[in-house]
Amino acid sequence: MTQTLKDQGLNSDPWSCSVSAAIGDVFGVGSQLRVRRDVDNLAVYTVAEIREQDPANVVRMSSIARQRLGTSDVFTGTLHTPLSTKLMTDAQAENAGAFVERIADHPQNQGLLLMAPHGGRIEFNTDHQARLAAKDLAGGDVSTWCCSGWRTDNGSTHSRWHVSTTEISPLSFPGLATIANRGFAYAVGFHGMKADGVLVGGGAPNELKQMVRQAIKSVVGNNPVTVVNGGKNSGVSDTNVVNWITAGNGGGIQLEQSSEIRSKYWSDVAHAVADVFADLI
Ligand SMILES: [Zn+2]
């Protein structure tokens, strides 16, 4: 892993890398790869560029991107797919510190997709919320898609496994690939944030966001619940998976929730979301 060049525009990007043409044959632009420096240091990156002029074994990333692997030095490492290649239960994945993808879907489903791209310890309880809301809607036109990551040391799970919702690629997530062109009417993404309360964002119409806000507001005590139609954490981008997975990019709801919400009210929020969509699908 070597340094990015100034003209690559990646020097302040902790999440991206460039790869040689040979590596690009396996990990194309936009896909995710897992870089392993040693047994204790590994992390997922998105391929931002293929550099034909680089030697076959060269990956470039910024110094802050290398710091996710515990060093700012140039180093030799190995490349892997981001997800675990072993079949594991969540309990086994947690014990192994792995990153796994789960999908529960029927090819005829087109109603609602409940998703948690950052489950496990990346944004805790979000995968449980997606599954609980799906359970409430069992028998309905509802699918779930969750990615969950853990680690076994005290380091940041977010730093190791987080892939931005605007970068997550069906090239790297085979479950997601099976539903990428489905065109769900609605999708809800459960997420965690550092700030207080809940943000109700995404590309869905404001009216739907208001309905979801109302339902969540009634179960989270005095915590603020705010509809956002732009800005940080608003999830409105067309490149956000919660939006492009829906028909016409128009049915995505992104829920950003504080740590308190996800500890104390995670199930109440999931039930509230299910209640809203029970009438719509
Ligand atoms: Zn998230």
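Trainee: Which protein atoms are the donors of the zinc ion?
Mentor: The model is predicted, so local features need pLDDT of at least 70 and side-chain atom pairs pLDDT 80 or more, while totals for chains, interfaces and linings use all residues. Residues are numbered from 1 along each chain as its sequence is written, and side-chain values use heavy atoms, without hydrogens or water. Donors (N, O and S atoms within 2.8 Å of the metal, 3.2 Å for Na, K and Ca; water is not among the atoms, so sites may look incomplete) lie here 2.0 to 2.5 Å from the zinc ion, and they are H118 (ND1), E123 (OE), E123 (OE) and H191 (ND1).

Trainee: What is the spacing of the donor residues in sequence?
Mentor: H118 belongs to strand β8 (residues 112-120) and H191 to strand β10 (residues 186-192), so this pair, 73 residues apart, links distant parts of the chain. Strands (E, at least two residues) and helices (H or I, at least four) are DSSP runs, numbered from the N terminus. The spacing of the donor residues is H-x4-E-x67-H.

Trainee: Is H118 buried or exposed?
Mentor: The limits are under 20% relative accessible area for buried and over 50% for exposed, with partly exposed in between (1.4 Å probe, protein chains only). H191 has 2% relative accessibility and counts as buried. H118 has a relative accessible area of 2%, so H118 is buried.

Trainee: Which residues lie nearest the centre of the largest pocket?
Mentor: A pocket is an open set of points on a 1 Å grid over the protein atoms alone, where a 1.4 Å probe fits, with protein on both sides within 12 Å along at least five of seven lines; lining residues have an atom within 4 Å of a point. The largest pocket holds about 720 Å³, the space filled by probe spheres set on points joined across faces, edges and corners. At least two lining residues come from each of α5 (157-161), β10 and β13 (252-257). Of 27 lining residues, those nearest the centre are E123, H158, H162, G192 and N233.

Trainee: Where does the second largest pocket lie?
Mentor: This pocket has a volume of about 430 Å³, and R34, L42, A96, G97 and A98 are the closest to its centre among 20 lining residues. β3 (32-38) and α5 each give at least two residues to the lining. Domain bounds come from an automatic or database domain assignment. Both domains contribute lining residues, so the second largest pocket lies between domain 1 (2-80) and domain 2 (91-278).
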